[in-house]
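Please take a careful look at the protein shown here, which the paragraphs below go through from the overall fold to single residues.

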Amino acid sequence: MASDTPVLEVRDLQTTFDLSKSLSICAVNGVSFSVHAGETLAIVGESGSGKSVTSLSIMGLLPKDVGRISGGSIKLDGRDITNLNDAQMRDIRGKEIGMIFQEPMTSLNPVHTVGQQIAEMVIRHEKVSKAKARTRAIEMLDLVGIPEPTSRVDNYPHEMSGGMRQRAMIAMALACEPRILIADEPTTALDVTIQAQMLELMQDLQKKLGMAIIFITHDLGVVAEVADRVVVMYAAQVVETASVEDIFEKPRMPYTAGLLNSIPRLGSSINKVRLEAIPGSVPALTNLPEGCRFHPRCAFATDLCKTTEPALETADEAHMIRCVRWRELNLNERKVS
């Protein structure tokens with residue numbers, strides 16, 4: 001159950017990439033959300049929507065000399081961490097905010113054992129001896145369900161399967177019991193069985209540690225299983241945010257409805273029902289359309305949509321939509337074609 005005070009509060013976040021002296025793009029444009037202790041917030045959208053850049057902005061991991069936070073604020077327990085320097089962010093990463101990356105083989109250092117990498121995190125933040133840090137690493141590997149942790153602690157990443165490497169990444173991210181865990185598409189590269197194990201593991205650890213989770217994914221099936229609230233992003237903006245129940249039962253933005261319509265339904269192949277898809281692709285940030293950014297792909301677009309850039313409006317206390325026509329559309333009865 002989430003508390004009343006957010007652990008993390010992001011307000012009007014803008015992240016800019018300077019591609020050249022004369023060309024900059026806004027990869028995250030005015031994004032706002034909050035997450036509470038014990039809550040799972042899902043950030044969803046197609047590739048190129050700005051999900052991962054949002055997480056990298058929070059972690060202070062934007063590429064140097066190219067990416068920068070150009071507006072808004074990021075507050076951790078009420079403390080503004082938006083403009084902290086590298087040394088200050090290193091004190092926060094791992095200890096207060098942990099992160100699981102999509103591909104563990106490229107995130108784990110291949111020349112150090114898994115145990116050394118977990119222990120390094122513990123030594124830095126907990127100021128303990130190498131022996132105690134090693135013991136902690138073994139405890140974490142056991143906690144995430146890796147068999148024979150006392151021997152596996154000395155394995156190199158290439159000596160582990162994909163599922164075990166992902167468990168090791170989770171162990172590293174949680175070694176210092178952070179308040180927030182950011183999981184950036186942590187199950188994308190895993191098969192369905194291992195994916196289910198990972199999701200169950202994360203939920204169990206959340207209950208034990210009481211942490212908040214920001215789950216970044218394009219898989220709405222996973223969202224239905226793990227999330228409490230959902231933020232839908234498109235072309236660097238938030239286009240809808242609501243509880244997971246409202247998103248699935250009454251989406252009010254055509255893009256959200258399109259994502260939901262594209263989920264395979266049980267028995268659809270037997271009944272030869274064609275899987276729906278959103279036409280076109282996410283626009284390049286260097287060539288955004290005028291008006292609503294989704295209108296070239298929207299079955300409900302009018303001339304108003306092509307000329308008016310919609311604001312993020314409040315439908316009720318917990319549901320916000322970026323669409324000039326949301327009041328007149330009934331997306332529950334009519335699907336996006």
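Helices and strands are here DSSP runs, a helix having at least four residues and a strand at least two, and they are numbered from the N terminus. The coordinates belong to a predicted model, and in it the protein has 12 helices and 12 strands.

The overall dimensions come first. The C-alpha atoms fill a box of roughly 65 × 55 × 40 Å along the principal axes. For 337 residues a compact globule would have a radius of gyration near 20 Å, and because the protein has 21 Å, its value agrees with that expectation. Buried residues account for 49% of the 337 residues, and of the contacts between residues at least 6 apart in sequence, 65% join residues at least 24 apart. The accessible surface comes to about 16,100 Å², with 49% of that area belonging to carbon and sulfur atoms. As for charge, there are 36 positive and 42 negative side chains, and the centres of these two sets lie 3 Å apart.

The mean pLDDT is 90, and 94% of the residues reach 70 or more. Over residues 333-337, however, the pLDDT is below 50, although this stretch has 15 contacts in the model beyond near neighbours in sequence. Where pLDDT is low, the predicted coordinates should not be read in detail.

Two residues draw attention through their backbone angles. Most residues other than glycine have a negative phi. Because its relative accessibility is 0%, where anything under 20% counts as buried, Ala 235 is a buried residue. Glu 177 likewise has a positive phi of about 50° without being a glycine, and this residue is found in the loop between helix H7 (162-174) and strand S7 (180-184). With a relative accessible area of 45%, Glu 177 is partly exposed.

Two further loop positions are buried. Thr 113 sits in the loop between helix H3 (104-107) and helix H4 (114-126), and its relative accessible area of 8% is why it counts as buried. Residues up to four places away in sequence aside, Thr 113 touches Val 153, Asp 154, Asn 155 and Tyr 156. Pro 310, in turn, is found in the loop between helix H12 (303-307) and strand S11 (313-316), and it is buried with a relative accessible area of 7%. Beyond its neighbours within four places in sequence, Pro 310 is in contact with Gly 291, Cys 292, Arg 322, Cys 323 and Val 324. From Pro 310 to Arg 325 there are 15 residues in sequence and 9.3 Å in space, C-alpha to C-alpha.

Which residues does Gln 203 contact, leaving aside its neighbours within four places in sequence? They are Glu 225 and Val 226, while Glu 225 for its part touches Leu 199 and Gln 203, again not counting residues up to four places away. Gln 203 lies in helix H8 (residues 192-209), whereas Glu 225 is found in helix H9 (residues 220-226). Gln 203 is partly exposed, with a relative accessible area of 25%, and Glu 225, at 47% relative accessibility, also counts as partly exposed.

The last stop is Thr 188, in the loop between S7 and H8. At 35% relative accessibility Thr 188 counts as partly exposed, and apart from neighbours within four places in sequence it is in contact with Gln 102 and His 218. Thr 188 and Glu 120, which are 68 residues apart in sequence, are 27 Å apart in space, C-alpha to C-alpha.

Technical notes
Residues numbered from 1 in each chain as written. Predicted model: local features only at pLDDT ≥ 70, side-chain atom pairs only at ≥ 80, totals over all residues. Heavy atoms only, no water. Rg over C-alpha atoms; globule rule 2.2 N^0.38 Å. Buried < 20%, exposed > 50% of the residue type's maximum accessible area, 1.4 Å probe, protein only. Contact = heavy atoms within 4.5 Å. Areas by Shrake-Rupley, 256 points an atom, 1.4 Å probe, with all protein chains shown as cover. Lys, Arg positive; Asp, Glu negative; His and termini not counted. Charge placed at Lys NZ, Arg CZ, Asp CG, Glu CD. pLDDT = per-residue confidence, 0-100.
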